[in-house]
Structures are given as C-alpha cells and as structure tokens.
Amino acid sequence: MADPSNAALRSGLNNRYRVLEVRVVRGEGRDPEKHLAVSSDPSLGDTELCVLQNGWESVPVVPGDIVHLEGDCSSGTWVINEQSGYLILYPDLLLSGTTISSSIRCMRKAVLSERFRGSECGSRQTLVGTILHEIFQQSVTNNLSPEKVEELAKKIVYGQKYLKEMYHLKLKQTEIMQEIEEYLPSFFKWTEDFVRNPANQNKMQLKLPSENKTGDCSSTVEIVDILDIEENIWSPRFGLKGKIDVTARVKIHRQGGIQSRIMPLELKSGKESNSVEHRSQVILYTLLNLERRVDPEAGFLLYLKTGTMYPVTGTRMDRRELIKLRNQVAFYLMHSTYKSAVGRQQSQLAALPPLIDDSQACKYCSQIHNCFLYSRAVEERMASVSFPPALIPIIEKETQHLKPSHLEYFSLWYLMLTLEMQSGDSKKGYKNIWMIPSLEREKAGDCVGNMIRVDQVQEVSEGQYLHSFQPKNGAVPGANLLVGDRVVVSGEENGLLGLATGYVREISATKISCLLGRNLSKLPESTTFRLDHEEGDCSIGVPFENLSKLMKDSPVSEKLRNLIIDFHKPRFIQHLSSVLPPEAKEAVASILKGLNKPQKQAMKQVLLSRDYTLIVGMPGTGKTTTICALVRILSACGFSVLLTSFTHTAVDNILLKLAKFKVGFLRLGRAQKVHPDIRKFTEEEICRSKSIKSVTDLEELYNSQPVVATACMGINHPIFVQKQFDFCIVDEASQISQPICLGPLFCSKRFVLVGDHQQLPPLVQNSEARDLGMSESLFKRLEQNQNAVVQLTVQYRMNSKIMSLSNKLVYEGKLECGSEKVSNATANLPNLKMLKLEFADASKTWLKEVLEPDKPVCFLNTEKVPAPEHTEKGGVCNVTEAKLVFFLTTLFIKAGCRPSDIGIISPYRHQLKVITDLMARLKENRVEVNTIDKYQGRDKSIIIVSFVRNSNDENGLMKVSTNVTFYDGED
DNA sequence: GTGTCTCTAGACAGA
C-alpha cells in the first residue's frame, strides 16, 4: 500500500512526513484531538508532533502513512486547526477537481469512477459541452468578432476532431450545429459585458477573503487578458490535479482602486445552477493556481447558456472542507484491500464509501451498475456494512441475473486486479516526476532533462502540436526514450509539472521532437524542460471495465458468463454445408490446399463452431499462416472478422501476410505503433488521405471492410459500440490475462483463441494475485473443454533431435516434423572443417561437440569452470557465462554462420546487458540478444541460452542448441 | 527470492 521506503521523506515546501504513531487525545470539556508522531527524516529519527483539532481529527490517518503538512511548525509542533494548516493524506496521489467535487454528493461514485474509467460513456449534452468549450476558448484567446466565432463553430463541428464521438452517439453534424447556435447570442453578450465594455455594466460583488473590510463594496470585474486555456496543473502539495478552462488576468475596479489578479474561469454549458459542486471545482482551481502564481483567492463560474458569470471566493473554511474530502477519497482509494488480522494474512477487498439513498443522484449516475455489483458481490457478506433499507430490493433486482458463481468470479478478479495494481504503484505513477530530480531519473533511463525548446511550434493537426527540444548541454542520452513512447513534459522549475502530454515523434543525437496536446510556445524561452516517460496506470482501467461488462444484464454478457464462468459446453453444428455458401466452395478449397492436416482440421472446427474454438499452436507449427488462412476462408464465406492480439507486433505479423492476398482490412490503433507497411490501412492514414469530414463518410469507412484488426486493449474504439462481428480471433491468447482477453469477445458472435499454454503465461507481478490464479489465461481456462480444442502438431522449425527434446519435456510426443528436409536439417557452417583443425588439442574436444551440426542440442555444465552468479541491484547476472556465450558466438561466426542467424536469450535482463556489452566488440554486430519473453515465436539457426543461475544450492546450466528453419522464417 | 512484459489519452463534458 504505502511505499515502504523512507527515501522520499523530506522537509521544506514540498515536505513529506511518515506518520509513526497516532494517538487520540480526549481532554475534559475539550473536543477530541489526534496527535501524530511524524518524521521527515529518512532514518525516522527527529520526530515532530502534529496536532489535529477542530474537525481535522477525523482524518483517517494511520501509522505508516505518508502525509504532507501545510502551515506553521514551531519548535517541532504542527498545529492543524480551524484557523491554519492543512494535512494532505497520500499527497502523491493526485486527485482531479471533478473527482473531489463529485464526491460531495456521493463519495462512492467518485471512488468507483477512478476504477471504472470508461463507464462514463458520454451523451449528446457532454459532447455539445466539449465543443462549446473549445469554441469559447479559441474565441477569447484570439479575440474573435461574432462573425468569426460563427465561422469557427462551423469549422469545428464540420471538422474531423469530433467525428468519432458523433459516430459513437449516432449524432448528425447538423443537429450539433443547431444546438451550438443557440448558445452564441449569450456568448456575445458575455463578451460585451466583461471584455469589451466592463466599466458600466454588470456590477458584480467580489469580496476577496484576504480583505477584512466589512460591508458590501460594489465592484466591477474586467477581463484584461486570456493567459492560457486548458492549463494543466499538478499539485503534489495539495494532492490535486486539474485542467483549468480559462486562466484570465482580471482587473477589479472598486472604490479603493484597481486590483490586478490572475484567476481561473470555469465554463459550464448546462443548467445555470451555481451549485456547490460547481463552486467547489472553482475553489479547487484556486488552490491549484498556488503552484504557479500568487493566491487568486477567487475565480469565476461562467454559464454559457445565459452568459451569466458568478464570482466564487474560496474561504479558508471551503478550502479546508474540500481538502478533508480529498483526504477521505484518497483514503478509500489507497485502502481498497486489507489484510485480515486473523488467519493467514490474506488480502481481502475493503468496503467502498457507503451507499447513499438519493434517488435523484442515483437516477443519472453512470456508476450505478458497478455500485450495485460491488455491494452485492463484495459488501453483502461484510458484517460491518449495512445498506439503506430502501435500496436493498433495488440492488436485489438489478443483480438478480447473476448467479453466485458469477459474483464469486467478479470479486476474485476484482481482488486480483487490485493487488496487481498496487504492486505496480510504487514503480509506476507520475510521482517520480516530482519526487526524483531529472538528472537522477535520466540515469535510470526514464527521463531526459535540462532541455530547451527550439524551432517553431507547428500545429500538425487539430490539437496536436509539434515541439522540438534540445539538451542545454551535451547530447540526448541514448535509449532513454523511444519513438512512439508517451511522454509528460514538465518544467524543471517548481510548479511547472505536467505542462503537457504527448508522444515522441523523432529522436536524433541532438534533438527530440514530440507531438503534444498543448502549445507551449507562450512559456518564456528560457524555460528548461524535462521529458518523462509516461508510465501511468491507465492499463488497469481496461480489465476492470471488461470485468464489469461481463456482469451486465445483456445477451452477449450472459452468453460469455455461461461459457467462461460456468463452463457450458461449446456447441458445434454438424455439417459444413450449412455454413459454407456454395459460391465460396472453390475459393475455400484452394486456400485449404496449402495447409497441412491439423491446420485443415482447425479451419473445419472453426467453421462448425457456434461458440468458440481453441487452436493450440505448438512451436513452429505455422500459427501465423493458419490464422491468415482462417481469415481468408472466413471472409470468403462472407463473415466479418475481428482480428486481435495482445501486441501490435503480433497483429501486424498476420496483417503483413494477409496483405499479400486480396483480403481487405481496417487497422485500428495509433499509426506510430503500427508496422510501416501496414500504416496505409490504419484509420488515421485513411482519414487523412481521403480527407474524411462527415459522420457518413466515417461510417462508410468503418463498414467498408469485413476484417478489422486491433490490439486487444484497443477495444474502446467507437466502432465496437455499433458493430457486431461474426468471428473474433485472438492470437497470443495464452499470454493474455482473462479480463483483458474478454474485451474483444463482447463484440462478436463466436471466438477463436490461438495460443499454447505450455509457452509463457500472462505476466503477473503481485505474488498474492499469482497465487490466487491470476496467471491463468482464458485459453487455459477453456482448454478443459477438449471438444473445442484443435492442436497444430506439424512443425517446421526444429530438426528431429531438437524436436524430441520438446516432445519429451513438454508435448508428450505430439510434435512431428513437417518434412524430411525439416527433420534432417542442420546448421550451415561452411568453415567448420578449417576451424576444427585449431581444436586438435584434446582439452578442446568439448568445443568440437558444441560446433558439430549433427549434435544439434548441447548442454554445457559450467559448474566446474567455475561460473558463479552475481547478484546486483539491477538483478542477477553471470559474467563468466556471458564471456563464454560471447566466445561461442565468435566461434560460430568463424565457422561461417551469419551473425543475424544467431540468437542469444536469457531469462534475466541484467545478463542480456552484460552480453550486449560484450557483443559491441564484434565487427558486424547483428547478433540478436533478447529475453525469452521477447523471442517467443521467432526463429534463428542457432540459439544460445544463458541460464545464469549458478549458486551453491543449484547447478547452473547453459544450453546451446542449433536449429534450422525452412518455413515461416522471418530472417 | 532477488524476474519476465504489454497496452494505454484522459480530465471534463451534463444530470
């Protein structure tokens, strides 16, 4: 939960204290207080006292927590009370203004929204709101005349930017335009009142908290300048983040004179409510402003429908209550699991904030499904939780479609996902950006710091700005960032965190160019920047969302629940003739001709399936070829196909093959991540080249191809809301965790999983989650239904001797060679004879054996060399073994093997680094060195495995195997 | 025991 290391503790402005002890103090006739023993000293010496009074004692702080303290500390004592000071719990967890203001009404919803991000699926009003924001922001920045504003509105509505969302919501551009038009008159009125002619209109009461004058003082407010729009501020001081619609310089005219301030202006396009939620948002933005400028003390709330603007002053009391609210939300987010005090210390899911009984709020709540689901699956059994009586029958009704097995599946996976998310927390997250100086992080390889902006900022497309950065001194450190990586751009100076996000477009020795979501050209030229590799936790959103979807009361979800949770037997039809259209017969027959027996069997099985098929692709059995043939056959039969895999690379491998045949497909996903030869099939490229500008055009594009391909995390694309596919094929399925693999299955009638659970399972970091079964893939789970399984057993990668190793160890003799040629293949080492003469020496006979092509598998025991392992900070390595690997590599090259035909793999990254450094000495450094994970599914003539481990307890081994590929080779 | 990895826009739109 909390970071156990104390390295991050510090005093000063952005202080971080560890809470060592919490004591509740009750004096006679006095309100209770909480006394905390805290320390900002990494060795936890030097304790200070923090006294919480006047309501602050309710902060749910426990020993071990990290807190930030604001206020005064005199002689080692902090006092946080009504008048002064703030305590921020888990300050490195930044919560957004909207999260906190929404928690005023229902904290449960605020917490659920942080987990289930995609549940807010948008509506007409929200889309109109977003577009209006943009029109307003651009108009005021450029001070546009009414005619120009009309023009701008048309440009935005009839442009490309919001097409996807309109398609998603099935809205027409004309409808949106009509609605926008209705807002324009009040918008012009506002401009007249506050920007062009402020002196004699709209008297507005504005009393700043710092003024102690009593009585009303009428004042007028004039907006002098728009300094920024969509300003993004992260505040690790208050544990807050947010985007401020408009940052304005205002002049306050009052009797006493004129004051100038920089204030946040929040736009609302809905009903003019001036509600607590809206006002709170503004108050939180005034706090955010403290990161970058003097306290604005107030901000504005502007309702675009009427053009009415309200001033919002943030009093100490308001700020205090909002911070306390933030602390509570943070508490719930950080304490989503707990360990039971009794028994075996197993983690359990904790209760969420209590359900509220407010039919008005629940009516429009986007989290209602998750709210009821969690209460039913998790909280119902907790003695400590009771539901509002009126809600009990409603919860019952809304979840009655779920069986106990379903609720159990949900709560188990929810727990495992939460645990996995927690174990990533300490490494990931944004906090390293403010907790670790760029120089230090640069060494770790996740950051490039001390850069200045060069060249003009170019607007490449709507909302995408190309920026170039150059290190102030020296060159760009190699390999810290890669093209396509997501980055966060911050100022090196305090307060300029998270200025913009985007991704790397190009890297050279002297320059890094990035596409960013905001234009940073207004910042002073002297600003120095740091670019941090974004390692956010957005990945965790998709599986939670899929899990929630699986529990929905819909036919698709019900079918999947039956198949996946309750193991209903997959059904098959009897005869091919009923699925195979006569006109497709010829085409199908000719595709089948190129396949071997088990591959043909796989095609047949898929065509006959009504639910699902599992294809076991043992090593070298032509998985890609099989999938490619399957897609061709399915589309020849007139079926639509959704083709996915865990990685972009795997998707593109199939598409590269498919592109050679006349099968059309649409590739979704960011073009940067897609193989260059496939980019022309991406939505992004097609939209650009065909200049798609209307919802109809877009819809046509989406419907134009029967085959759609994407990485399986990319299922939040609007196309999947509207379209249902006949078949979904998931490659690499044995490596994908269940809740992620589920995603694409929701949008198809039948599915095919391709994988091999004998190869690598899904990666799980958290050991408790792993023990609970998180590394079981959907492929493995469903494999027990043998009638749905087809095995590809004919392989073309290994000769008979290498194959027999696989067969004996893993595949129970099922693998067979595709041909005599495969079976007898040996490594081609033309210079071997010459080389052997050098080994006439008897002590080197082992080398002869290693190099001998007729002995393709060779284990070398390094125990007596000796070659002990080393454990370092970065992991385990074995230098002697690395040298040996290098030596063998040079020998194979001398013997005539091409460097690109040699692959070196190891389970340990650290070892790879040692080996890579040695390989740098080679003239032609084309030997590939990679982890086992990254190598899976590839072929090389010679593979050298470095097992590394060699300690006293276990013997380390090194294996050298030689193999030759004729089929499916990528080299 | 000392590890392996991919994907991802996301804070805010309104009721």
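The largest nonpolar core of this predicted model has 169 residues, and L87, I131 and L753 touch the most other members. A nonpolar core is a set of buried Ala, Val, Leu, Ile, Met, Phe, Trp, Tyr and Cys residues joined through side-chain atoms within 4.5 Å. Buried means under 20% relative accessible area, exposed means over 50%, and partly exposed lies in between, with a 1.4 Å probe and protein chains only. Helix 12 (residues 404-425) gives the largest share of this core, ten residues. Helices (H or I, at least four residues) and strands (E, at least two) are DSSP runs, numbered from the N terminus. In soluble globular proteins, nonpolar side chains tend to be buried together.

Leaving aside neighbours within four places in sequence, I131 is in contact (heavy atoms within 4.5 Å) with I156, V157, Y162, M166, I176 and I180. There is also a second, separate core of 38 residues, and V588, V752, V754 and V790 are among its members.

Residues are numbered from 1 along each chain as its sequence is written, and chains are lettered from A and ligands numbered from 1 in the order in which they are written. Local features need pLDDT of at least 70 and side-chain atom pairs count only at pLDDT 80 or more, while totals for chains, interfaces and linings use all residues; side-chain values use heavy atoms, with hydrogens and water left out.

The next topic is DNA strand B. How many residues surround DNA strand B? There are 45, and the closest are S269, H648, G875, V876 and R909. A residue is near a molecule or strand if one of its heavy atoms lies within 4 Å of it. The residues of this surface divide into eleven nonpolar, 18 polar and 16 charged. In this division Ala, Val, Leu, Ile, Met, Phe, Trp, Tyr, Cys and Pro count as nonpolar, Asp, Glu, Lys and Arg as charged, and the others, Gly among them, as polar.

On the DNA side, 71% of the atoms of DNA strand B within 4 Å of the protein belong to sugar or phosphate, and the rest belong to bases. Some polar contacts, which are pairs of N or O atoms within 3.5 Å (within protein, one must be able to donate a hydrogen and the other to accept it, and residues adjacent in sequence count only if both atoms are side-chain atoms), can be named. A polar side-chain atom of H133 lies 3.1 Å from a phosphate oxygen of DNA strand B. For H648, a backbone N or O atom lies 2.6 Å from a phosphate oxygen of DNA strand B. R770 reaches a base instead: an N or O atom in its side chain is 2.8 Å from a base oxygen of DNA strand B. The elements that give two or more residues to the surface near DNA strand B include helix 3 (124-142), strand 11 (240-254) and strand 12 (257-268).

Strand 11 and strand 12 also belong together. They run antiparallel and are joined by nine bridges, and they form a hairpin with two residues between them. Two strands pair if DSSP finds at least two bridges between them. R249 has I262 of strand 12 as its bridge partner. Strand 12 also pairs with strand 13 (residues 298-303), in the parallel sense over four bridges. Here K268 has Y303 of strand 13 as its bridge partner.

The bridge partner of V489 is A500 in strand 20. Strand 20 pairs with strand 21 (residues 512-516) as well, in the antiparallel sense over five bridges. G502 stands opposite L516 in strand 21, and the two strands form a hairpin with four residues between them.

Is S777 buried or exposed? S777 counts as buried because its relative accessibility is 2%. Its place is in the loop between helix 25 (767-771) and helix 26 (778-782). Beyond four places in sequence, S777 is in contact with A733, S734, I736, Q738 and P762. Q738 is one of the buried residues of helix 24, and eight of the eight residues of helix 24 (residues 738-745) are buried.

N807, in helix 27 (residues 800-811), counts as buried because its relative accessibility is 9%. Not counting residues up to four places away in sequence, N807 touches E812, G813, K814 and L815.
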